[in-house]
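Let's take a friendly walk through a protein structure together. Keep the sequence and the 3D view side by side as you read.

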Amino acid sequence: MMRKSLAVIVECKVNERIPRSTLNRFKEYFRHSNAQFGLLAVGTDLAKWTFFQILEGEIAEITRSQFEKGLIEFGSS
């Protein structure tokens, strides 16, 4: 089995919102990557960051704590 890698995509906007085109670009890249987790950071407000995981071939939005737990588990495997 091929080991997956992590993907972090950061796009900062002055208005601190995620344009639909940015989200769509992120999801397309994430879907075609070999990544297990993704992060879309817009601005510096952590509350506005969006975390993702590939679950059964589909992109799922997850919480920050789920993302952090997944990274820890990924690192220990």
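What follows is a guided tour of strands, a helix and the cores between them. One thing to keep in mind from the start is that this is a predicted model.

Let's begin with the strand β3, which spans residues 50–55. This strand is mostly covered, with five of its six residues buried. It has a partner in β2, residues 37–41; β2 and β3 run antiparallel and are joined by four bridges. Another partner is β4, residues 58–62, and here the pairing with β3 is again in the antiparallel sense, this time over five bridges. Follow the chain from β3 to β4 and you trace a hairpin with two residues between the strands. In that turn, look for glutamate 56, which has a positive phi of about 50°.

Now pick out single residues in β3. Glutamine 53 lies in this strand, and its bridge partner is phenylalanine 37. Is glutamine 53 buried or exposed? Its relative accessible area is 16%, and buried means under 20%, so glutamine 53 counts as buried. Look at what surrounds it: leaving aside neighbours within four places in sequence, glutamine 53 is in contact with Phe30, Gln36, Phe37, Glu58, Ile59, Ala60 and Ile62. Phenylalanine 51 is also buried, with a relative accessible area of 6%. Its bridge partner in β4 is isoleucine 62.

Next, turn to helix α2, residues 64–76. You can check its length yourself: at 1.5 Å a residue, its 13 residues should span 18 Å, and the end C-alpha atoms are 19 Å apart, which agrees. Which residues of α2 are buried? They are Phe67, Gly70 and Phe74. These three cover an arc of only 65° around the axis, which puts them on the same side of α2. On the other side, Ser65, Lys69, Ile72, Gly75 and Ser76 are exposed. The cover over the buried residues includes β2, β3 and β4.

A search of the whole structure finds four aromatic pairs. In one of them, the rings of phenylalanine 51 and phenylalanine 67 have their centres 4.9 Å apart and their planes at 45°, so the pair is tilted. Because phenylalanine 51 lies in β3 and phenylalanine 67 in α2, this pair ties together parts that are 16 residues apart in sequence. Phenylalanine 67, at 7% relative accessibility, counts as buried. Elsewhere, Phe26, Phe30 and Phe52 form one aromatic cluster.

In soluble globular proteins, nonpolar side chains tend to be buried together. Here the largest nonpolar core has nine residues: Leu23, Phe26, Phe30, Ala35, Leu40, Val42, Phe52, Ile54 and Ile59. The elements that give two or more residues to this core are α1, residues 20–32, and β3. The largest share, three residues, comes from α1. To see one member up close, find leucine 23, which touches Ile18, Leu40 and Phe52, not counting residues up to four places away in sequence. There is also a second, separate core of six residues, which includes Phe37, Phe51, Ile62 and Phe74.

Note on methods:
Residues numbered from 1 in each chain as written. Predicted model: local features only at pLDDT ≥ 70, side-chain atom pairs only at ≥ 80, totals over all residues. Heavy atoms only, no water. Expected span 1.5 Å × (residues − 1). Buried < 20%, exposed > 50% of the residue type's maximum accessible area, 1.4 Å probe, protein only. Arc of directions from axis to C-beta. Contact = heavy atoms within 4.5 Å. Core = buried A, V, L, I, M, F, W, Y, C linked by side-chain atoms within 4.5 Å. Phe/Tyr/Trp six-rings, centres within 6.5 Å; stacked < 30°, edge-to-face > 60°. Pairing = 2+ DSSP bridges.
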